[in-house]
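Have a glance at it before reading on.

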Amino acid sequence: MPLSRSLSMTSLSGVLPQWEDDQLPVEDLLLFEVAWEVTNKVGGIYTVIQTKAKITVDEWGENYFMMGPYFEHNFKTQVEGCDPPIPAIRRAMDALISNGCQVHFGRWLIEGSPYVILFDIGSAAWNLDRWKGDLWDTCNIGLPYHDREANDSLILGSLIAWFFKELTDQLGDKPNVIAHFHEWQAGSGLILSRSRKIPMATVFTTHATLLGRYLCAGNADFYNNLDKFDIDKEAGERQIYHRYCLERAAVHCAHVFTTVSQITAVEANHMLHRKPDVVTPNGLNVKKFSAMHEFQNLHSTSKARLQDFVRGHFYGHLDFNLDKTLYFFIAGRYEFSNKGADIFLEALSRLNYLLRVHRNDVTVVVFFIMPAKTNNFNVESLKGQAIRKQLWDTAHTVKEKFGKKLYDALLRGEIPDMNTILDRDDLTIMKRAIYATQRHSLPPVTTHNMLDDSTDPILSNVRRIGLFNSRMDRVKIIFHPEFLSSTSPLLPMDYEEFVRGCNLGVFPSYYEPWGYTPGECTVMGIPSVTTNLSGFGCFMEEHVSDPAAYGIYIVDRRFRSADESCNQLTQFMFSFCQQSRRQRIIQRNRTERLSDLLDWRYLGRVWPDPFDPEPNPEQKGYILTEGFRYPRPYSVPPSPSASLHSTPHHSDVEDEDDDEPYDEDEEAEKDRMNIKAPFTLGAVPDGKKDQPGESRN
């Protein structure tokens with residue numbers, strides 16, 4: 001299966017390893033994966049490389065190494081220092097160290113325990129001006145002095161290229177080196193390695209194009225105008241032209257260029273002027289999240305903890321039934337329009353209207369988990385949790401006294417007089433507790449004191465739509481502008497626990513190259529809303545015949561207007577609110593069974609078609625993907641229209657003779673058999689037409 005050099009790089013010399021065996025000759029190769037987020041959590045790439053580490057180590061063993069920047073705190077808390085297993089790597093590191101650059105080696109303490117090589121950027125910063133000159137001489141890209149992130153990325157890239165030069169000089173012909181670079185921050189290492197004609201194979205993965213993210217954040221009609229943007233002009237106006245040049249140079253210097261989704265492949269073709277050689281969808285380590293049949297119990301446990309928080313947050317206004325309350329959430333980086341928070345808030349306003357008009361007894365509590373600038377928790381939020389705890393202590397004290405009196409009366413053979421079993425002191429304590437819960441203000445929308453309250457996009461839109469957590473509102477909003485932590489004094493839950501306690505994740509993103517948040521919901525058995533502009537949504541549309549039946553609701557944001565997309569999102573949420581408790585349980589079972597589709601065991605090893613023009617379906621390791629689609633459930637989809645009572649005030653208690661046929665064990669077995677069938681990643685079925693804005697080379 002020979003690897004051929006990209007046509008766009010024929011002008012640069014470089015030797016790629018070639019092999020004809022069916023199996024990857026791991027013993028003759030060294031694989032290096034380079035990313036700014038190795039041991040350094042910044043965004044979604046951290047999740048990609050962390051969750052993929054186990055399956056990569058299983059396949060490559062001692063020949064797999066990750067590379068990234070060194071940060072002292074991260075190294076001390078996440079890495080166990082050790083000596084390199086290969087002497088040539090030790091000698092290459094010593095060459096850098098002898099020239100005043102600090103390089104650290106160890107095992108990253110995550111599942112799989114991969115080796116990591118971390119470069120201290122600060123120790124090599126004195127070389128910055130010289131390396132800027134090298135970059136200019138190589139490809140005429142200049143970096144401004146004030147862009148620290150770009151300068152740091154150049155230092156890291158220069159150190160990595162230097163390391164690879166020393167390493168390949170030490171190794172000679174065997175083993176061959178493959179270097180996989182993620183995103184533009186690592187791209188300078190690829191550019192310099194290729195320009196210096198270092199003999200190694202290179203792969204570059206873009207998880208999102210720089211300019212695409214900026215344009216979408218600026219409310220541009222991005223996907224309908226992909227072929228109309230003046231790329232250089234747009235990058236220059238946003239003062240990221242130098243970053244864009246680094247990204248584009250890395251794309252064109254790589255032997256193999258990949259993206260994480262079909263929608264990003266279309267974008268990269270226009271923004272970076274190169275069509276990806278292969279699409280490599282992001283996966284998850286499903287074993288980490290797997291709870292077997294316990295995930296329903298975990299949902300109940302985590303939901304109970306959410307209910308405790310809600311009791312405190314809405315004290316004095318808790319006039320809704322918590323047993324008929326649903327918990328929706330959106331989470332991620334605070335990119336208001338890119339992440340779809342704008343359309344979500346508008347849809348919540350319309351959902352609130354529908355629930356009130358239909359006199360639905362369901363209440364929806366919506367969490368916005370997006371980090372923003374704050375100075376502390378607000379007093380009202382902390383006070384609410386303190387009052388809840390005080391009420392619990394009061395009720396527990398009275399219960400103990402009540403229980404003892406009841407027990408004594410029963411021992412005497414008497415039925416106690418319920419009017420006298422509580423004495424005056426007990427009644428006084430309870431009345432004082434009730435008076436303490438009275439509040440003259442509405443429950444707060446945000447849990448923290450915001451630094452820019454008046455201009456914050458979420459709070460500004462909450463004021464516009466008028467959702468202030470009043471008694472008449474059926475939709476309540478809680479903005480938590482910090483990532484979740486089990487050590488928080490306000491909402492002491494890890495993100496995973498929080499997700500398991502919710503009923504629906506809503507991620508109506510406009511710009512989302514992949515989308516880990518709905519993927520994490522899926523593997524934890526929580527239904528979610530995504531869009532056909534996210535990599536995850538496109539992946540599910542391609543591989544699942546009826547995503548909504550499996551709890552994956554896909555909003556059309558590509559071929560509908562913003563208002564139409566908002567109405568569709570509103571309808572999805574309103575229909576979800578009309579489901580009975582039994583229907584939600586059935587749907588969670590179906591959602592969780594999609595987990596294997598997102599497992600790195602399936603997504604981690606795929607031979608791309610361009611490298612094997614005549615694939616053999618019987619060949620071991622080849623994943624046949626053409627036309628596979630996960631089927632509709634065999635039972636009736638959990639649509640409210642199929643089995644709801646005629647009145648919206650139906651009970652959550654289901655009749656024994658429910659007319660919805662459903663055998664959990666039988667359906668689970670059928671789904672397990674189907675998921676074992678091979679499926680394709682990125683193949684375009686015959687007859688499928690390109691969508692507007694797509695082009696094919």
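How many disulfides does a search of the whole structure find? The search turns up zero disulfides, a disulfide being a pair of cysteine sulfur atoms within 2.5 Å. This is a predicted model, so local features need pLDDT of at least 70 and side-chain atom pairs pLDDT 80 or more, while totals for chains, interfaces and linings use all residues. Residues are numbered from 1 along each chain as its sequence is written, and side-chain values use heavy atoms, leaving out hydrogens and water.

| Residue | Relative accessibility | Class |
|---|---|---|
| C82 | 30% | partly exposed |
| C216 | 2% | buried |

Now the sheet. Six strands form an open sheet in the order β14-β11-β10-β15-β16-β17, with parallel pairing (strands pair if DSSP finds at least two bridges between them). β14 (475-480) and β17 (552-555) sit at the edges with a single partner strand each, so one side of each has no neighbour in the sheet. From one strand to the next, the twist averages 25°. Four bridges join β16 (residues 528-531) to β17, and S528 stands opposite I552 in β17.

As for helices, the axes of α4 (residues 128-139) and α5 (residues 148-171) come within 10 Å and cross at roughly 80°. That makes α4 roughly perpendicular to α5 (65 to 115 degrees counts as roughly perpendicular). The contact residues (heavy atoms within 4.5 Å) include W131 of α4 and W162 of α5.

Methods: Axes fitted to C-alpha atoms, helices over the stretch in contact; angles between N-to-C directions. Helix = DSSP H or I, 4+ residues; strand = E, 2+ residues; numbered from the N terminus. Parallel < 35°, antiparallel > 145°, perpendicular 65-115°, else oblique. Buried < 20%, exposed > 50% of the residue type's maximum accessible area, 1.4 Å probe, protein only.
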